[in-house]
Amino acid sequence: MNASGVQRAFYAALRDSGIHKPATVHTLRHSYATLLQHVSSQELYMLLGILSPFRLALFGLLIVQSVQHNLQGIAFVLSQRPNPQPDFVSQKA
C-alpha cells in the first residue's frame with residue numbers, strides 16, 4: 001500500500017469511527033509515540049521485533065553511535081560560531 005492508500009484508509013476509518021476531531025496519519029504517529037513513552041524498554045524492543053540478545057546489543061550500539069555522531073556534529077557547529085557560548089550566558093543581569 002502506498003502513502004495515499006494509507007491516508008485514504010485512515011480517513012475512512014476516522015469517518016466510520018464517529019470521531020469528529022481533525023486528525024491525520026501524522027497525528028496517529030504522534031499518538032502512538034506518546035503511548036510508547038509509557039512502555040518499558042523490553043516491551044519496546046519486542047514491538048520493534050528485536051527479540052534476540054544479539055539484536056538487542058546491536059540496536060543499543062547503533063543508538064550510541066548515532067548519539068555520538070549527532071553530538072560531534074553539534075560540537076562542530078558550535079565551534080564555528082564567533083562566540084561558542086549561548087547568547088543567554090553572555091548577557092549580564
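Residues are numbered from 1 along each chain as its sequence is written, and side-chain values rest on heavy atoms, with hydrogens and water left out. Because the model is predicted, local features require pLDDT of at least 70 and side-chain atom pairs count only at pLDDT 80 or more, whereas totals for chains, interfaces and linings use all residues.

The protein contains five helices and zero strands, so that its elements follow the order α-α-α-α-α from the N terminus; helices (H or I, at least four residues) and strands (E, at least two) are DSSP runs, numbered from the N terminus. Of the 93 residues, 5% are buried, where buried denotes under 20% relative accessible area, exposed over 50%, and partly exposed the range in between (1.4 Å probe, protein chains only).

Helix α1 spans residues 3-17 and includes tyrosine 11. One aromatic pair was found in the model, formed edge-to-face by phenylalanine 10 and tyrosine 11, with 5.7 Å from centre to centre and 70° between the planes; rings of Phe, Tyr and Trp (its six-membered ring) pair if their centres lie within 6.5 Å, and planes under 30 degrees apart count as stacked, over 60 as edge-to-face and the rest as tilted. Phenylalanine 10 is buried, at 14% relative accessible area, whereas tyrosine 11 is partly exposed, at 41%. The C-alpha atom of tyrosine 11 is separated by 8.4 Å from that of alanine 23, which is 12 residues apart from it along the chain.

The structure holds one salt bridge, defined as a side-chain nitrogen of Lys or Arg within 4 Å of a carboxyl oxygen of Asp or Glu. This salt bridge joins arginine 15 and aspartate 16 at 3.7 Å, N to O, and both residues are exposed.

At the start of helix α2, a side-chain oxygen of threonine 24 comes to within 3.3 Å of the backbone nitrogen of histidine 26.

On the surface, Ile63, Val67, Leu71, Ile74 and Leu78 make up a nonpolar patch with about 420 Å² of accessible area together; patches consist of residues with over 30% relative accessible area and no salt bridge, like charges being joined within 9 Å and nonpolar side chains (Val, Leu, Ile, Met, Phe, Trp, Tyr) within 5 Å. Leucine 71 lies in helix α4 (residues 53-79) and is exposed, at 53% relative accessibility.

Terms used
A polar contact is a pair of N or O atoms within 3.5 Å; within protein, one must be able to donate a hydrogen and the other to accept it, and residues adjacent in sequence count only if both atoms are side-chain atoms. Accessible areas come from the Shrake-Rupley method with a 1.4 Å probe; for residues, only the protein chains shown count as cover.
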